[in-house]
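Opening the notebook on this one.

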Amino acid sequence: MKICTKYHGEREYEEKDIIIFNKGLPGFEYLKKFILFPVEENEVFSILHSIEDDKIGFVVISPYYVMEDYEVDIDDEKIKELNITVSEDALVLNTVTLNSEIKDITANLQAPIIINIKDKIGEQIILSDDKYKIKYPLFREWKYVSNF
Amino acid sequence: MLVISRKKGESLLIGDDIAITIVGINDNSVRISISAPKSVTILREELYKQVKEENIKATNFDSSILKTIKK
């Protein structure tokens, strides 16, 4: 199966790669099927892309690249809902909001996306405490090198 | 849409397993106690809106800029 994405070219995928978001994502509650693939030019980032809308894809990053001690407290009910039985099955990703100014590129640490990588089920959880920011600057922890 | 008045100390029952009680009333704010099953998500609305807006913003950008960032 194939999608022609707006910003990321054509992607091939199989039925088994599809991750189901039963609740969609805030702002995109109607989109339930996504695939995940790494960004070719920069393996730190991945794209979580809708297979139902070729214009909707999120740049995502593992939060531990952004903040070493990032901690997500998910209650047992949610873990059960996502069918996660062992921690190895859980993948935590956060959306990245890009900007033409690299210093203004941010990650949403307040609303992590939790994916059960074994059963291919995902959900974006909004953490109710204000420990983490919705717009957390990425570049703070990195030194970046421009290609220009 | 139900609009209802409650005095301090009074409650509302929603469905079979949600209860909302007005715990305190100030000039500008109301203190609310909510009892609900763990499976029910309770969120401040503005927080949901902020995440929604951030998601929409996040889908609106050409990611080719990622080529210029190296760790």
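Entry 1: I looked up Lys78(A) and found it buried, because its relative accessibility is 10% (buried means under 20% relative accessible area, exposed over 50%, partly exposed in between, with a 1.4 Å probe and protein chains only). This is a predicted model, where local features need pLDDT of at least 70, side-chain atom pairs count only at pLDDT 80 or more, and totals for chains, interfaces and linings use all residues. Residues are numbered from 1 along each chain as its sequence is written, chains are lettered from A and ligands numbered from 1 in the order written, and side-chain values use heavy atoms, with hydrogens and water left out.

Lys78(A) sits in helix 2 of chain A (helices are DSSP runs of H or I, at least four residues, and strands are runs of E, at least two, numbered from the N terminus). Not counting residues up to four places away in sequence, I see Lys78(A) touching Lys23(A), Glu123(A) and Ile125(A) (contact means heavy atoms within 4.5 Å).

Entry 2: Side chains of opposite charge can pair when their charged atoms come close. Lys23(A) is partly exposed at 40% relative accessibility, while Glu123(A) is buried at 10%. Lys78(A) turns up again here, in a salt-bridge network with Lys23(A), Glu81(A) and Glu123(A).

I also noted Asp53(A) with Lys55(A), at 3.1 Å between the closest N and O atoms. Asp53(A) counts as buried at 15%, and Lys55(A) as partly exposed at 44%.

**Entry 3: cores.** Which residues touch the most other members of the largest nonpolar core? In this core of 35 residues, they are Phe45(A), Val96(A), Ile105(A) and Leu138(A) (a nonpolar core is a set of buried Ala, Val, Leu, Ile, Met, Phe, Trp, Tyr and Cys residues joined through side-chain atoms within 4.5 Å). Strand 4 (33–38), strand 5 (45–50), strand 6 and strand 7 of chain A each supply at least two residues of this core. Leaving aside neighbours within four places in sequence, the contacts of Val96(A) include Phe45(A), Ile105(A), Leu138(A) and, from the other chain, Ala58(B). Apart from that core lies another of 14 residues, among them Phe21(A) and Ile56(A).

**Entry 4: the chain contact.** Chain A puts in 46 residues and chain B 26. The area buried between them is about 3300 Å², with 62% from carbon and sulfur atoms (accessible area, 1.4 Å probe, that two parts lose on being put together, summed over both). Tyr7(A), Leu98(A) and Ile126(A) supply 17% of what chain A buries against chain B, more than any other three residues.

I count 2 salt bridges between the chains. Lys135(A) makes one with Glu54(B), at 2.7 Å between the closest N and O atoms.

**Entry 5: a buried glutamine.** Gln110(A) lies in the loop between strand 8 (106–107) and strand 9 (113–116) of chain A. Gln110(A) is buried, at 5% relative accessibility. Beyond four places in sequence, its contacts include Ile126(A), Tyr132(A) and Leu47(B).

Terms used:
Salt bridge = Lys/Arg side-chain N within 4 Å of Asp/Glu carboxyl O.
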